[in-house]
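Welcome, and please have your viewer ready. We will go from stop to stop, selecting as we go.

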Amino acid sequence: MKEDWNKQRNGIIGLGENSFKKSYYPDLQSKIVELEEANTNLQTIFNSTNDGILIHDERGNILSLNNQSKKIFNLKEEDKEKYTIFDLSSKQMSTDDLTKIWQEVLDGKPKVIEWIIQQAETEVEICLQVSINKAFWYGKQVLVAVVRDFTERVKYEQELFQAKIKAEESDRLKTVFLHNLSHEIRTPMNGIIGFSDMLTLPDITPDKLNYYTKIIKNSSLQLLRIIDDILEISTLETKQVKANIEEVCLNDLLVSLFAIFNLKTKEGNISLSLKKQFCDEESFILTDKIKLHKILSNIIENALKYTSEGYVEISYSIEKDDLVFCVKDSGIGIASDNLEKIFNRFSQDETNKNTKVGGLGLGLSIAKENANLLGGKIHVVSEKGKGSAFYVTIPYKPINANLH
Ligand code: ADP
């Protein structure tokens, strides 16, 4: 009888809170405690996951979100009503796409997508991986999104992608380099072999002998230059090279460079000029003479190589604490896309392929590394077809400071 009575009481629904407290219905009460405990456990799990969990409807209204979601979206519990998923999506994402995805999920196709959100208030953009599924929530169909911060992963993927592009480019450049190298070696080699044979001709005149010998010598120097460049770039690569700072007379250095290159321009249509800003006594500075000579001779040689007529002008000036050398020419110029690339190893302005002047694409990368060793830098201002101006900037360290 007593048992029946208890059963009846447990069947009663809609009792007031006080009724439970009075422990009139012990089975019902223990069930409630059990359910409360189960709910607390579920909440603990819900809030202790490393992934964010967000429950929302098909209009983007947020119904519930766990602690990790609050962190990711920078939301407080009460912000649920203030923001929809659309408000929290980055401006670069299409809300139409999102609505379509949700519809597909509601039609029974769970989805995993990458989505960029915009945090509440801070507006910081975060890339998320979102796994979306549907569920029943208080009797209606909702969407459950499990979100994971993917920003680091995306950054890593982008870096990897950039590294892949760089590796492919470097592989391509090395192939071009080997092709150019074989051409650059064969040309002087053929000169040496061909003209050496001519030297043995029985009726050779002294003039011809002189001419052939000159060609052989020039071709040998060309080969030496290639070997020097390759050796220099590999030494620079080991980072073992140090600047050897000494007293240098700038004017002497420039005059000797000018004399060497002026000889080469004599037969052509190019006028080479040198503008000195200091008198000789003022032009003593501290730097690495060999490296500075190498840098300037490289860019002057290029200026002459890539200019068929007009001028090449060498000058220097003081800008704040720096000494700036400028080699300006009226040559073929450089395509704007390649202005930075040409300082990379083996890189050439490929828009100038028709200009058959040869070269390995090493000179400027050597010049750049050497300029860095002197504590300076090198850059170019150029327009295709309108000439170029190469600037070498190094720290200005005058010896006779009181003269300036
Ligand atoms: P190389 O001249 O042996 O090809 P560099 O490293 O010296 O190699 O130069 C790289 C590229 O930069 C050249 O191939 C050329 O396309 C471009 N360049 C350098 N100097 C000039 C210049 N004064 N005018 C036009 N293009 C230039």
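Which polar backbone atom is 3.2 Å from an oxygen atom of the ligand? Select Gly363: a polar atom of its backbone sits at that distance from a ligand oxygen. Polar contacts here are pairs of N or O atoms within 3.5 Å; within protein, one must be able to donate a hydrogen and the other to accept it, and residues adjacent in sequence count only if both atoms are side-chain atoms.

Before moving on, a word on what you are viewing. This is a predicted model, in which local features need pLDDT of at least 70 and side-chain atom pairs count only at pLDDT 80 or more, while totals for chains, interfaces and linings use all residues. Residues are numbered from 1 along each chain as its sequence is written, and side-chain values use heavy atoms, with hydrogens and water left out.

Next, colour the elements that give two or more residues to the shell: helix H9 (289-305), helix H10 (363-373) and strand E12 (388-395). H9 provides the largest share, 3 residues. Helices (H or I, at least four residues) and strands (E, at least two) are DSSP runs, numbered from the N terminus.

Of its 20 residues, Asn302, Tyr306, Asp329, Gln348 and Leu364 come nearest.

**Stop two: helix H6**

Select Ile185, which lies in helix H6 (residues 151-199). Ile185 counts as partly exposed because its relative accessibility is 31%; the partly exposed class lies between buried (under 20%) and exposed (over 50%), using a 1.4 Å probe and protein chains only.

**Stop three: two loops**

Jump to Glu123, in the loop between strand E3 (111-118) and strand E4 (125-137). Its phi is near 60°, a positive value in a residue other than glycine. Glu123 counts as exposed, at 53% relative accessibility.

Finish at Tyr138, in the loop between E4 and strand E5 (140-149). Here too phi is positive in a non-glycine residue, near 45°. Tyr138 is exposed, with a relative accessible area of 79%.

Conventions:
A residue is near a molecule or strand if one of its heavy atoms lies within 4 Å of it.
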